Amino acid sequence: MVVHPALKAETGLRAPQSRLDEAVGLTQAIDLDVVAAELVPVTKRRPATLIGKGAVERLAEIVKANEILVAVVDGHLSPVQQRNLEREWACKVIDRTGLILEIFGARARTREGTLQVELAALSYQRSRLVRSWTHLERQRGGFGFLGGPGETQIEADRRMIGDRIVKLKRELEEVKRTRELHRSARRRVPYPIIALVGYTNAGKSTLFNRLTRSEVLAKDMLFATLDPTMRGLKLPSGRQVILSDTVGFISDLPHELVAAFRATLEEVLEADVVVHVRDMSHPDAEAQASDVEQVLRELGLSEMVDQGLVEALNKIDLMPEGAVHVVNQAARRPTAIAISALTGAGVDRLLACFDERLSESRQILDVSFDLHDGAGIAWMYRNGEVLERRDDETRTHLKVRLDGANIARYHQMQAKGGGA
């Protein structure tokens, strides 16, 4: 059973029914069979159960009649509220944070992803260790012959979780250092990085697969992709870039997960271009865009958000009537492109937009090569925009426009004696 408490005091961009539908989608993403979904109006939060007594009793009858084993409450439950609802409904109860942690735990594939999920889950679990279960209140004897009251089970569990969290953070620091070494290697052969971000199920992985001809898991499912993926991509200008597919964002993302996945999301901080992939067929497209921008600001990308992200207005193939409106909307904004990652419509224009955005950071340099340095001259023509060329008796002089990554590569060539 999925329950969305519709708090009257909390009016957002989303309709309560839409929030319930998303919660059902999240529940189905871990292969749970949803037999009942309920919107419960809540005038004020009840300290004991969050929702009112009458609603608790009515839902208890639904749980009993349908032999429901798990109830998902689409909101934040305190440990006491969770315990009380489990007693009233006689089934397992998890809140939105617990549900998202379950999904992430089922989807993590890489070592880093597994560590991050475990860290987030333990941080969440530690806050759940209240004196709710009798086995946690039993005392164990002290060590050696000292005797005394010993330590309660809850204290032992807290200590074990605390020790494990410290160990996980240490291991994640090692992973972070390894990731930084990979970044340093990319900087030595510096290709621009283009990062795809967006709400979960917006079509990032489908677009990633189309652009890079890869086979990253892409399903019509919330959080189908969890671990970040990077592939090389050649743009229409011939410029080589690295395309990065990141974990999807979601509204009310648990703070434990934001903290744990900061290392993964740091790939976005390294990006030269951030592409916001949006599901324009979704009724809450604007609210989803707002949530994504909020997470990007939390990551320290406020300036990039304010300047305007490249927007891939996706899934126009699912909008037989509204597609024209989206295309017209995109036509009025140079960095918004209407696309269908599934059919490929508009993808060529999106690639051209990548080229244009990278060109904005280009600088004009005056360079010269020995007449016999055909490789160096050809490299300039291949990687830059040659504006002017002049040959004299010994050297070729070029005025060329280069982006930051290729300027760094040119300086490396200089250091090795390739150009002057």
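1. Ala 55 sits in helix α2, residues 53–65. Helices here are DSSP runs of H or I with at least four residues, strands are runs of E with at least two, and both are numbered from the N terminus. Ala 55 counts as buried because its relative accessibility is 16%. Buried means under 20% relative accessible area, exposed means over 50%, and partly exposed lies in between, with a 1.4 Å probe and protein chains only. Val 40 is 15 residues from Ala 55 in sequence, and their C-alpha atoms are 7.2 Å apart.

2. A word on the source. This is a predicted model, in which local features need pLDDT of at least 70, side-chain atom pairs count only at pLDDT 80 or more, and totals for chains, interfaces and linings use all residues. Residues are numbered from 1 along each chain as its sequence is written, and side-chain values use heavy atoms, leaving out hydrogens and water.

3. Now the overall picture. The protein has 15 helices and 15 strands. Of its 420 residues, 50% are buried. Take the contacts (heavy atoms within 4.5 Å) between residues at least 6 apart in sequence: 65% of them join residues at least 24 apart.

4. Two strands pair if DSSP finds at least two bridges between them.

5. Val 73 has Asp 95 of β4 as its bridge partner.

6. The largest nonpolar core has 33 residues, and Leu 99, Ile 103, Val 197 and Leu 296 touch the most other members. A nonpolar core is a set of buried Ala, Val, Leu, Ile, Met, Phe, Trp, Tyr and Cys residues joined through side-chain atoms within 4.5 Å. At least two residues of this core come from each of α1 (16–28), α4 (96–107), β7 (193–198) and α10 (285–298). A second, separate core has 24 residues, including Phe 208, Leu 243, Val 277 and Ala 312.

7. Helix α13 (residues 347–360) has 14 residues. At 1.5 Å a residue it should span 20 Å, and its end C-alpha atoms are 20 Å apart, which agrees. The expected span is 1.5 Å times one less than the number of residues. Among the buried residues of α13 are Val 347, Leu 350, Phe 354 and Asp 355.

8. Another open sheet has 3 strands, in the order β13-β15-β14, with antiparallel pairing. β13 (363–370) and β14 (385–391) each have a single partner strand, so one side of each is left without a neighbour in the sheet. The twist averages 20° from one strand to the next. β14 and β15 (residues 395–402) run antiparallel, joined by 6 bridges. Arg 390 has His 397 of β15 as its bridge partner. Helix α14 (residues 374–383) packs on the sheet and touches β13, β14 and β15; its direction makes about 25° with that of β15.

Methods
Axes fitted to C-alpha atoms, helices over the stretch in contact; angles between N-to-C directions.
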